[in-house]
Amino acid sequence: MFYKLKSNFALRGWEKLPYALRDINGGGVGFISEQEFHALSLCDGRLSADSPMLLPVHKEIIQKAVERGVVEETERPAALAPHQKYRLHPTRYMHTAHWSVTGRCNYKCRHCYMSAPGAKYGELSHERCMSIIDELHGCGIAEVTLTGGEALVRKDFWELVDRLLAYGIRISTIYSNGRLVNNGTLDALERRRIYPEFNLSFDGIGWHDWLRGVEGAEKEAVAAFKLCRERGFPTGAEMCLHKRNRHTLRDSVNFMASLGVSHVKTNPVSASGDWLDNAGGDSLTLEELYEVYLDYIPRFFEDGAPMGLQLGGFFMASKGEDKYWLPSVKAGGSEDAGRQTVCAHARNVMYISAEGRVLPCMSLSGLEIQKDFPLIPEIGLTVCLTDSAYLSLITTTVDKYIEQNTECAACEWKYHCCAGCRASAVDRGGHLMGPDRAVCLLFKGGYIPRVLEAAKGYTCLNYGKKAQSEKTPKL
């Protein structure tokens, strides 16, 4: 008998994290111990189970891997496929790339911080995008989400998709306004045997057309939601809030739930890009935004928690459950929190702009600060993930941040908010290492107890508890 890694698993490693098991089909990456790595390295389909090289500790690990569907037993030798063999990537680990494959769009959104209606950032050439995909593979990126502008307007969109799939890079989500989400698009995905989520914009019943600048945009989004449900494609939604549509939040969430949408994330319109020229006076103040959220939270539960919900960094809940989280409460106040990075999301998900710039998140793409971050076409993705201003920011710990910020150093909440959001800090008139005023108001303005009161009778899962460190997944 012989042991062999199943075909959808591969051994991988990165700088400072040399031992990992990657699920190619699911896109997951689990970091394992050196001992577990050596045991799985022996599962090459050629080493007999009776070999003296297999020590008792190896056999124990391998047996667990067999039980969990990672390793298979074969009667005859069977070599690993080339992609399964161990590869040590020369960069720091990054799991996902959220990629704007174009800066062009077929809508005229009033609030576009990329100024996509005017194609401010254009789009990279076909050859350059193919090169970026090669670099994603070389750096061990397991998953991408595709956005724009409007991702589906790229003429070579399917060529990019095929190149990603050829490398085993999972496409988990396509962000779209819905206009080009049709049977032809879904047929093309089905032929490739992939069913990514379509995350569509929906900005309030009766107000979607106004914000998107195109008559019939709401009708097109609704049709896309319905078609995806009929065809078995999952859907999520993004909703931008402003003074004109804030009253629609409850009805809009319930309506989207009736269309099969599984989750929605809301955010206020960013005071940047085209919004400043088109409708900046309709921006909500932080206090106004928080009051909208506080008013809606009890109604969300009254409606049976109809879908997953994230109200920015204010509140988060799962569909059909009586439990919730406070996203801005990142830790429980212990000084141990000082060792974590200022943004756990950015440490695992990078954003690639339409011009090929690597940023911690998409929200920074409309702000002047983005120019301080590197361009892949100029220095390459490997350098971006080994020695760059980008890497420096995403590996900054809370303690290092506090050293640079005397106001936060003196704050009693510093090991609860853990620096908040860097994009929010800049967007609200500050600088990259400045306080996040949205989170400051949340903690210092007494909103935490008000959220707890609004959700009275339901369970908050992360407030008042010591932050749990991320544990290495076990086989």
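Phe314 is buried (under 20% relative accessible area, where exposed is over 50% and partly exposed in between, with a 1.4 Å probe and protein chains only), its relative accessible area being 2%. The model is predicted, so local features need pLDDT of at least 70 and side-chain atom pairs count only at pLDDT 80 or more, while totals for chains, interfaces and linings use all residues. Residues are numbered from 1 along each chain as its sequence is written, and side-chain values use heavy atoms, with hydrogens and water left out.

A nonpolar core is defined here as a set of buried Ala, Val, Leu, Ile, Met, Phe, Trp, Tyr and Cys residues joined through side-chain atoms within 4.5 Å. The largest such core holds 114 residues, of which Leu136, Tyr290, Phe314, Phe315 and Met350 touch the most other members. Helix H10 (residues 286-302) contributes the most to this core, with ten residues; helices (H or I, at least four residues) and strands (E, at least two) are DSSP runs numbered from the N terminus. In soluble globular proteins, nonpolar side chains tend to be buried together. Contact denotes heavy atoms within 4.5 Å. Beyond its neighbours within four places in sequence, Leu136 is in contact with Ala97, Trp99, Ile141, Val144, Leu164, Ile169, Met350, Ile352 and Leu381. Another core, of 20 residues, lies apart from the largest one and includes Tyr3, Ala39, Ile61 and Ile62.

Rings of Phe, Tyr and Trp (its six-membered ring) pair if their centres lie within 6.5 Å, with planes under 30 degrees apart counted as stacked, over 60 as edge-to-face and the rest as tilted. The count by this rule is 22 aromatic pairs. Tyr290 and Tyr447 form an edge-to-face pair, 5.0 Å centre to centre with 70° between the planes. Tyr290 belongs to helix H10 and Tyr447 to helix H20 (residues 447-454), so this pair ties together parts that are 157 residues apart in sequence. Both Tyr290 and Tyr447 are buried. The pair formed by Tyr293 and Phe314 is tilted, at 5.4 Å centre to centre and 45° between the planes. Because Tyr293 lies in helix H10 and Phe314 in the loop between strand E14 (308-311) and strand E15 (315-317), the pair ties together parts that are 21 residues apart in sequence. Tyr293 is buried, with a relative accessible area of 1%. One aromatic cluster is formed by Tyr296, Phe300, Phe301, Phe315, Tyr324 and Tyr458.
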